Amino acid sequence: MSLIYNIGIHLTHFALKCGSIFNEKIKNGVAGRKRTFKTLQKSITEGDKTLWFHCASLGEYEQGLPAFKELRKHYSNHKIILSFFSPSGYEIRKNSPIADVVVYLPLDTKSNAKQFLNILNPELTVFVKYDIWPNFLNELKRRNLKAILISAVFRKNQSYFKFYGKELRQALFAFEHIFTQNESSKKLLQSINYNHVTVSGDTRFDRVSSQLKLDNTLDYIEKFKDGKLCVVAGSTWPEGETLLINFINSEASTEVKFIIAPHNIKPSQIKNIKDNINDEVILFSEKDQKKVLNAKVFIIDTIGILSKIYNYSDIAYIGGAIGNTGLHNTLEAAVFGVPIIIGNNHQKFPEAKAMIDNGGMFSVSNQIEFDIILKELIENKEKRSNSGNKNSDFIKKNKGAVIQILNHLRI
């Protein structure tokens with residue numbers, strides 16, 4: 001690995017230590033990485049067979065989960081080590097049932113990579129989507145340890161495909177096989193002479209499809225909806241919340257209800273949304289003290305139930321793409337067969353483009369466009385139904401990535 005890269009990693013370590021003084025999230029990551037090797041040494045003994053799953057954060061964990069679950073079944077005599085780079089993944093899934101041990105991934109230094117793999121010696125390593133750490137991967141390759149990358153997406157402007165990206169390109173060759181989400185990613189890999197690649201699609205399709213097999217009943221949401229048309233706004237950010245609030249305040253019909261599940265559930269943000277809505281609002285945290293039936297707007301000031309709430313939606317708005325924070329998971333809503341509205345900054349999300357082209361998703365860039373499409377979907381039952389069915393069919397058509405991964409592993 002190049003000297004510049006390794007110096008950069010050490011500088012990153014110093015920057016994180018400094019940042020931890022001022023930022024709680026960074027502080028959790030720094031403290032968690034200090035515990036990693038002690039946790040592993042305590043949990044893994046000589047002779048243990050292991051598998052290593054690595055995810056950057058929570059989104060990649062959810063993406064890899066369908067594959068992880070199947071691998072857990074087939075490697076029942078192995079200990080599963082799950083690592084995260086980001087605190088937002090570790091803190092929420094540190095008790096994940098698919099793993100025996102959950103840790104922060106140490107920073108990508110040569111010494112950390114050697115120490116980590118000395119303890120694990122994994123029979124199989126699975127990375128999800130894009131979190132490529134050259135020192136860890138090169139050490140896996142040096143030891144002839146099997147590693148695969150799943151649900152990968154590549155773009156031509158990434159370092160792997162630039163003249164200065166030699167070290168990162170070499171790291172990709174540590175993977176015995178790469179499973180991409182689309183054909184364009186496969187072609188980019190082939191352009192650097194990496195040919196052990198399969199277009200398997202996105203494992204998130206398998207993940208969201210499994211949601212339909214679960215009990216998605218939420219009594220309080222059912223009482224709130226009261227058989228009326230319901231718009232569910234999931235993972236919203238302030239830019240999108242402004243559009244929603246303006247629409248709600250102009251919507252006179254009592255036959256439409258709204259559920260807002262903000263990405264940021266800090267009390268100040270929840271209060272800001274509530275105070276700006278002119279109609280009756282109830283919070284999730286108030287549902288046991290107030291009658292949900294009387295409210296027009298239900299604000300979800302908790303986490304972990306959004307995928308079930310989409311079961312009650314007739315129309316969904318997914319946040320993140322009105323601003324620059326990144327589009328949130330649209331497939332969680334699509335699996336329930338509802339039309340979806342998103343912002344216009346969705347270029348890095350191929351599934352969004354596919355659903356827009358397919359007629360099940362609608363992109364808006366301002367209040368006027370938002371009002372027009374949402375009003376049309378509310379008033380036009382046929383358009384609402386047809387668009388929703390297209391999204392449901394899109395999910396069904398694209399699931400099956402996990403089967404391809406398992407077939408490659410001969411499981």
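Start by selecting E382, K396 and K397: these exposed residues sit on the face of helix α17 that is turned away from its buried side. Keep in mind while you click around that this is a predicted model.

Now colour the other face. The buried residues of α17 are R384, S387, G388, N391, S392, F394 and I395. Look down the axis and you'll see that they cover an arc of only 150 degrees, which puts them on the same side of α17. There's a simple reason for that kind of spacing: an α-helix has 3.6 residues a turn, so residues three or four places apart point the same way.

What caps the N-terminal end of α17? Pick N380: one of its side-chain oxygens lies 3.2 Å from the backbone nitrogen of E382. Then jump to what follows the helix, where G400 has a positive phi, near 120 degrees.

Carry on to helix α18, residues 401–408. This one lies across β5 (147–152), β6 and β7, and runs at about 170 degrees to β6. That brings you to a sheet. Select its seven strands and trace the order β3-β2-β1-β4-β5-β6-β7; the sheet is open and the pairing parallel. Which strands stand at the edges? They are β3 (101–104) and β7 (197–199), each with a single partner strand, so one side of each is left without a neighbour in the sheet. From one strand to the next, the twist averages 20 degrees.

Zoom in on β6 (residues 177–180) and β7, which pair in the parallel sense over three bridges. Highlight T180 and you'll find its bridge partner in β7, V199.

Now move to another open sheet of seven strands, with parallel pairing and the order β10-β11-β9-β8-β12-β13-β14. Here β10 (281–283) and β14 (361–364) are the edge strands; each has a single partner, so one side of each lacks a neighbour in the sheet. Neighbouring strands are turned by 20 degrees against each other on average, direction ignored.

Inside this sheet, select β9 (256–262) and β11 (297–299): they run parallel, joined by three bridges. F258 has V297 of β11 as its bridge partner.

Last stop: helix α15 (350–358), lying across β13 (340–343) and β14 and running at about 105 degrees to β14.

Definitions and conventions
Residues numbered from 1 in each chain as written. Predicted model: local features only at pLDDT ≥ 70, side-chain atom pairs only at ≥ 80, totals over all residues. Heavy atoms only, no water. Pairing = 2+ DSSP bridges. Helix = DSSP H or I, 4+ residues; strand = E, 2+ residues; numbered from the N terminus. Axes fitted to C-alpha atoms, helices over the stretch in contact; angles between N-to-C directions. Contact = heavy atoms within 4.5 Å. Buried < 20%, exposed > 50% of the residue type's maximum accessible area, 1.4 Å probe, protein only. Arc of directions from axis to C-beta. Polar contact = N/O pair within 3.5 Å; in protein donor to acceptor, adjacent residues only side chain to side chain.
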